[in-house]
Amino acid sequence: MVGDPEADLRDALATGRELDMAGGTVPAGVLAAVLTAEPPPGAPALRLRRARLSGVLRLTGARVGVPVELRECAFAHAPDLRMAEFAGLALTGCRLPGLRAGNLRVAADLLLADGFTATGPVTLSDAQIGGSLRLSAGRLRGSDGRALLADRIVVGGTFYARRLRSDGELRLPGARITGNVDLAGADLVSPTGDALDMTGVSIDGSFLAGRHGGGPDLEFRATGRILLTGARVGGDVVLSGARVERVPTPGPPDPEPVPDETRMPVVPGGIVDAGACLVADRVRVEGNLELDDGLSTDGTVRLPNAVVGGYLRLSGARLLGPHGAGARGIALLGDGIDVGGDLEARDSGRGALVCGGQLRLVDATVRGSASLSGITLSAPGGYALLADRLHIGGEFYLRRMVCDGTVRLQNAEIGATLDCTGARLTGPRRRPDGSLRPSLDARAATIGKDLVCAGGFSADGGVRIRRADVGKAVQFTDATLGGPPEVGRAVYSLNAYALTAAELIVRPAAPPVGPVRLARASVTTFADSAALWAADGGVDIDGFDYGALYDTRAVDVRTRLAWIREVMPDYTPGPYDQLAAAYQRSGNEELAQAVLMERQRRRYAEAAPVERVWGWLQRWTVGFGYRPWLAVGWLVLFAALGGTWFAFNPPTPVDDGQHPVFNAWIFAADTLLPIVNLGQDGYWRLDGPSQWISTALVASGWILATTAAAGAARVLKRT
């Protein structure tokens with residue numbers, strides 16, 4: 001274009017028409033002079049297109065009263081707009097070696113979009129934008145690893161950066177943005193290790209770095225960490241379908257774990273965690289946090305002490321820890337997170353959550369329900385799910401979970417049901433001796449309703465619910481407790497020491513591989529099966545207290561007594577008392593007596609020789625007091641035998657003149673019964689065999705009377 005550039009610019013300013021230079025050169029000083037001069041009355045805007053600006057555009061501290069629109073212009077040097085004031089500024093499609101605009105004031109929008117390209121850093125620190133800041137479809141190359149420096153920037157509208165391409169770090173720490181932050185389709189690559197720094201930002205709208213309804217071309221990608229530490233977001237945080245990868249940085253190797261270290265591993269804090277790819281410590285999200293639908297990471301997603309007002313959604317995410325799927329890699333760190341709604345990680349159309357590394361929720365709170373059904377966790381030899389002191393207001397679903405590692409829920413509080421139906425737990429932690437730690441460790445957990453491990457549930461390392469408190473039922477139905485020999489041996493396939501529950505059902509699919517510990521457990525109803533009592537290593541029922549058996553007709557009393565003998569080689573009265581009490585409560589008094597008789601038999605069988613003889617007599621004469629009719633039967637038998645003998649061998653009277661008429665049957669009864677006098681004893685002379693038979697009757701009578709009295713005393717004491 002030929003002409004006077006200054007005159008053309010003034011004419012364009014006065015008329016509001018666009019001045020297309022078609023590649024022509026405009027001195028930057030001329031443009032600055034036109035912009036800083038008093039504009040003509042009613043001038044709408046300055047619109048300049050395809051100009052080549054020579055020199056440095058210096059507007060430091062200047063006040064430009066009209067909107068400025070520069071389209072597809074090329075700058076030879078970085079413009080200096082520090083402390084300048086604009087009514088509006090657009091550098092749409094412009095190419096420049098950087099932008100110096102610290103403390104810039106723009107009353108309306110600032111447009112650095114649609115092909116805007118900066119080969120040096122764009123500095124907007126402490127800038128104030130009255131409208132929106134648009135970087136959509138722009139290209140920032142930066143220098144020294146920094147592409148955008150916008151610390152403490154204030155944006156009255158939206159920060160709109162869809163499909164932005166950046167080869168350096170975007171820095172907006174301390175920014176205040178009234179509208180949304182939209183990074184859908186942006187591709188951020190940073191050699192510094194941090195792709196986006198929004199530490200401490202305040203966003204009244206939503207932070208959108210996912211597809212949120214868009215197509216594949218709106219996939220957000222970041223090669224470098226995203227820092228949202230201490231950020232406050234009034235709406236949602238959406239990273240659906242995003243890809244976030246760390247930039248490997250040199251540093252000291254991680255220390256090796258201490259052998260037999262049972263404490264939770266110490267993780268780096270905040271921004272010093274080089275293994276993190278998303279750092280959102282203490283972030284506060286008033287709406288929902290969506291890390292789902294194909295979100296892919298190769299480092300730790302950090303959410304410690306975050307507060308989420310709505311739900312946390314992880315469905316379909318693929319999270320890989322910095323050490324891969326190893327025992328020390330943490331895929332998601334959510335210690336102390338507070339979720340006001342539900343935690344969702346199940347398949348919602350794009351698959352369930354997959355974690356290569358630890359899912360950590362220590363001291364986390366989920367006020368709604370949590371569904372991890374169908375997820376895949378991989379931290380072999382480590383804690384795949386570490387959630388000590390987890391608080392869940394509603395249901396906690398682990399249905400069909402595939403977990404290579406230990407699930408630890410010590411001291412967790414679950415308002416309703418913990419449902420592990422169909423879960424498969426392999427690869428638990430090991431002790432120094434090679435034995436397996438529990439695959440599911442819910443020690444001292446509090447569960448408001450049910451604990452369900454059924455429908456093909458399997459745990460190679462067994463289950464520990466020691467001192468757990470379950471409001472309703474604990475179910476191990478069609479479950480496999482303990483793994484195959486080549487995997488290793490669990491110390492306990494089921495450790496339910498001091499468990500309290502309304503109902504305990506242990507009917508595994510096969511005999512547990514490892515001891516079962518029910519000692520000191522207290523339940524109202526107990527249901528079992530032969531597979532339980534065939535556990536490899538036995539069943540510890542010392543102090544096991546249950547109120548009733550689920551179905552007393554399913555297993556006969558002899559079988560149950562055989563089970564007790566099998567698991568209690570040394571006599572202990574408690575299991576027999578519990579079983580007898582259970583039969584009594586169900587109205588089966590005869591079965592209860594059979595149990596108590598077996599209890600006495602085992603008691604005397606392990607006593608001293610004299611006590612064993614005394615026990616043998618009680619057993620066969622009065623059934624330990626529970627069969628008193630046996631004594632009557634023995635008395636009748638001995639009386640009949642004695643009467644028969646004396647009927648054929650009558651004794652001679654002691655005094656011929658003073659003796660009653662001899663009756664062999666009454667004489668035998670009088671001899672047999674102690675204390676009682678029927679008027680026959682003492683009047684007859686006995687010698688020979690009759691004397692021995694009489695002595696035997698007297699001894700038998702005393703023995704039967706004594707055992708009957710002991711049995712009666714036991715019955716009276718029991719009643």
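How many helices and strands does the secondary structure of the protein come to? The count is 10 helices and 69 strands, taken as DSSP runs numbered from the N terminus (helices are H or I, at least four residues; strands are E, at least two). This is a predicted model, where local features need pLDDT of at least 70, side-chain atom pairs count only at pLDDT 80 or more, and totals for chains, interfaces and linings use all residues. Residues are numbered from 1 along each chain as its sequence is written, and side-chain values use heavy atoms, leaving out hydrogens and water.

**The protein overall**
- Of the 719 residues, 53% are buried, meaning under 20% relative accessible area with a 1.4 Å probe, protein chains only.
- Take the contacts (heavy atoms within 4.5 Å) with a separation of 6 or more: 56% of them come from residues 24 or more positions apart.

**Helices α1 and α2**
- Helix α1 (residues 5–15) packs with helix α2 (residues 28–36) at an angle of about 35°, and their axes are 10 Å apart.
- Those axes are lines fitted to C-alpha atoms over the stretch in contact, and angles run from 0 to 180 degrees between N-to-C directions.
- On the α1 side, Pro5, Glu6, Leu9, Arg10 and Leu13 meet Val30, Leu31, Ala33 and Val34 of α2.

- Ala28, Val30, Leu31, Ala32, Val34 and Leu35 are the buried residues of α2.
- Their cover includes α1, along with strands β2 (25–27), β3 (46–49), β4 (52–54), β5 (63–64) and β6 (68–71).

How values were computed: Buried < 20%, exposed > 50% of the residue type's maximum accessible area, 1.4 Å probe, protein only.
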